[in-house]
Amino acid sequence: MSDEYPEEAGLTVRPPATHAAGLKAVRVSLRRALAQMGPAKSAKNLLSLNQVDGFDCMSCAWPDPLEGRHTAEFCENGAKAVSWEGQRDTVGPDFFARHSISELAGRSGYWLESQGRLAHPMVRRDGADRYEPISWADAFALVGEHLRALESPDEALFYTSGRASNEAAFVYQLFARALGTNNLPDCSNMCHESTSVGLARAIGVGKGTVTLQDLHEADLIVISGQNPGTNHPRMLSALEKAKRNGAKILAVNPLREAGLLKFNNPQTPRGLTIGTGLADRYLRIRSNGDLALWRGVARLLLEAEDANPGTIVDREFVRQSTTGWEAWEKHVRGVGWDEVAAATGLAREEIEAAAAMMADSRRTVHCWAMGITQHRNSVATVGEIVNVALMRGMIGKPGAGLCPVRGHSNVQGDRTMGIWEKPPESFLDALGAEFGFEPPREHGHDAADAVRALRDGRAKVFVGLGGNFAEAMSDTAVTEAALRSAALTVQISTKLNRSHLAAGKDALILPALGRTEQDHTGGIVQRVTVEDSMSVVHASRGRAKPAAPLLRSEVAIVCGMAYAALGDRYGIPWAEFAADYSRIRERIGRVVPGCEGYEEKISRHTAFPLPHPPRDTRTFPTPEGKAVFTVSPLEVLTVPEGRLVLQTLRSHDQFNTTVYGLDDRYRGIRSGRRVVFVNEADLRELGLRDGDHVDLVSEWPDGERRVPRFRLVAYDTPKGCAAAYYPETNPLVPLDSQALESGTPTSKSVVVRLEPVRPVK
């Protein structure tokens, strides 16, 4: 493309794939593993991945089967994640002596993470342009010095990625609250926060209501705004089993994705030769049209009930277990079909066919992901999905329920352990009673507010437990500038990433053990626990030798920082927690609701489900004591002439901000990422052609935002819609463009113009 993007020089485009997985996935997985880990380590890690006595995959949060696990119980992207973490190359003092921060800032995130595992604690001193080595003791002392110098504990921010274990998350939130702040932003603020808010309001619990068995037993599985073939590939096995049991699948997604069309299971002869067709009906909806779709479906279901009373609406369930029915029914009956058509881009016949599938199903599971949650009206859309499930009585019965599919392995567990800027009073009461102090009660900063606090000088210390905050957050330039303004940034990481280059005046890189690695903290073999998307807690124990001698576990790092900052305040036994994680689990069992006997359960069973009243007993812990039908206005996203609605998405060769490679074979992209997928009719109307290069420009009241030089790819998207990869496109989304109520960035509905650029000679 140009000297500015040398990694894109070999970019080619081929036709998109028509199926997911197959032998190609096996070859890619093994090739990546052998190249990065070598034969012996590859065998040890991959054969331990998602096994009862092994470690939990650090990528998606799809649940493990309780029985009948395969020897190879992982998907292609799980193998990539393990290979990425198990890379033999290391990044230590010699690397940082050769490369200044200014030089590294010119490298791509892909290049940075490809250099190897971080191997030594590093510090950048105020005014310096290089990181230099530091001892663990001095690193902890520097953290303590900065935290004790704050005028208020609320000047500190404690960010968490979804990779942290339950044990690390629990001591992390304890550290923050013992310091005196609820500033605990996390990656859920950027992805499924709309789900948490919408579900909590409607059913009283911000988590899904299904088990893996429910998917296997469903008559109908609805998959909205989700691409399981890339983002949650092990879900394909559950869909395959459901199809064998007679289920139908309704896919609702702007792009036609290979992983929603067909699954070639590489573990079965049929999968290798024939495969299993997945979506029985595919609605290629306009981005941001889902609220209108489900309101239209609800109206059609009400009309079907009118024609045949008692056949569609579960009247007994609605009467006994819900509230708000009358207002919602009146609202839905007033929906206008012109509005629905404008918002969805679908013909009424398509919506009628989808409603007929819903009406025919006795057991329906609704699945969704970030295609639903990253819009301005996301909370309302989640509520409408719940409304349709409630009217049919599809909660708390076998084969039916709500299934938000979380994107990161323990993001749900982090929230259960108290990683939340708005904790319930009951949690704070239990925490204070257990540890003998009064936790702060004022709500803290979420991810976007954390950036604002740094930007405005109201926060001075940023601690990141995993993740890559600078690239994960919207409005990249604003986020990076905010981090650089901090007095201290602390990044607890396994790989080098761009957040290390958006360094505070003082900055620490603290290298952590990965989930694949043996943890002998305290001189004993430690294990940790995680919670999957379906509220099952299970143990995880790494098997591989640590990548470098100086690595420490996340638990040990957090406890070391806490003791350096707080000392013996409140008598919290930080050293004891670091030496024996079972002591943490004992405290979790006394503080966290549903975790009574936590250590005993893990020791005895290795996995157990957390209680979930809507799922378990059809009871709803809302203020009303019942499930709530929610009513919200139908807002149709209006797009000026000559503009398109852009959604940001992952390639098949990445997980969140971690880019494993530059291919997206399911969409036909090879050796590049700076592409934008656009409907061919839109290209013609805009006077553009496949292969042209454009800048993507978003227009906002505070000015334009631009990302340069993207290759146009004619693609089967709905007219008026476009798609491109993040984090490259995160700069287009302003910090203040957020979902109502949840604050999630609106990354799936960004209005852009395509501005042609001259060819590079």
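Predicted model: local features only at pLDDT ≥ 70, side-chain atom pairs only at ≥ 80, totals over all residues.

Biologist: Fine. What is Trp-574 in contact with, leaving aside its neighbours within four places in sequence?

Modeller: Val-171, Leu-174, Phe-175, Cys-559, Ala-562, Tyr-563, Leu-566 and Gly-567.

Biologist: And which residues touch the most other members of the largest nonpolar core?

Modeller: Phe-175, Leu-508, Met-561 and Trp-574, out of 64 residues in that core. A nonpolar core here is a set of buried Ala, Val, Leu, Ile, Met, Phe, Trp, Tyr and Cys residues joined through side-chain atoms within 4.5 Å. Buried means under 20% relative accessible area, exposed is over 50%, and partly exposed is in between (1.4 Å probe, protein chains only).

Biologist: Which helix gives the most to this core?

Modeller: Helix 8, residues 166-179, with ten residues. Helices (H or I, at least four residues) and strands (E, at least two) are DSSP runs, numbered from the N terminus. Apart from that core lies another one of 54 residues, including Trp-328 and Leu-346.

Biologist: OK, switching to charges. How many salt bridges are there?

Modeller: The count is 57, taking a salt bridge as a side-chain nitrogen of Lys or Arg within 4 Å of a carboxyl oxygen of Asp or Glu. One of them pairs Asp-64 with Arg-234, with the closest N and O atoms 2.7 Å apart.

Biologist: Where do those two sit in the chain?

Modeller: Asp-64 is in the loop between helix 2 (39-48) and helix 3 (76-85), and Arg-234 is in the loop between helix 11 (228-231) and helix 12 (235-244), 170 residues apart.

Biologist: Are Asp-64 and Arg-234 buried or exposed?

Modeller: Both are buried.

Biologist: Which residue does Arg-415 meet in a salt bridge?

Modeller: Glu-193, at 2.9 Å from N to O. Arg-415 lies in helix 22 (residues 411-416) and Glu-193 in helix 9 (residues 193-203), so this pair ties together parts 222 residues apart in sequence. Arg-415 has a relative accessible area of 16%, so it counts as buried, and Glu-193 is buried too, at 3%.

Biologist: What about Asp-664 and Arg-667?

Modeller: They form a salt bridge, with the closest N and O atoms 2.8 Å apart. Asp-664 is buried, at 1% relative accessible area, and Arg-667 is buried at 3%.

How values were computed
Residues numbered from 1 in each chain as written. Heavy atoms only, no water. Contact = heavy atoms within 4.5 Å.
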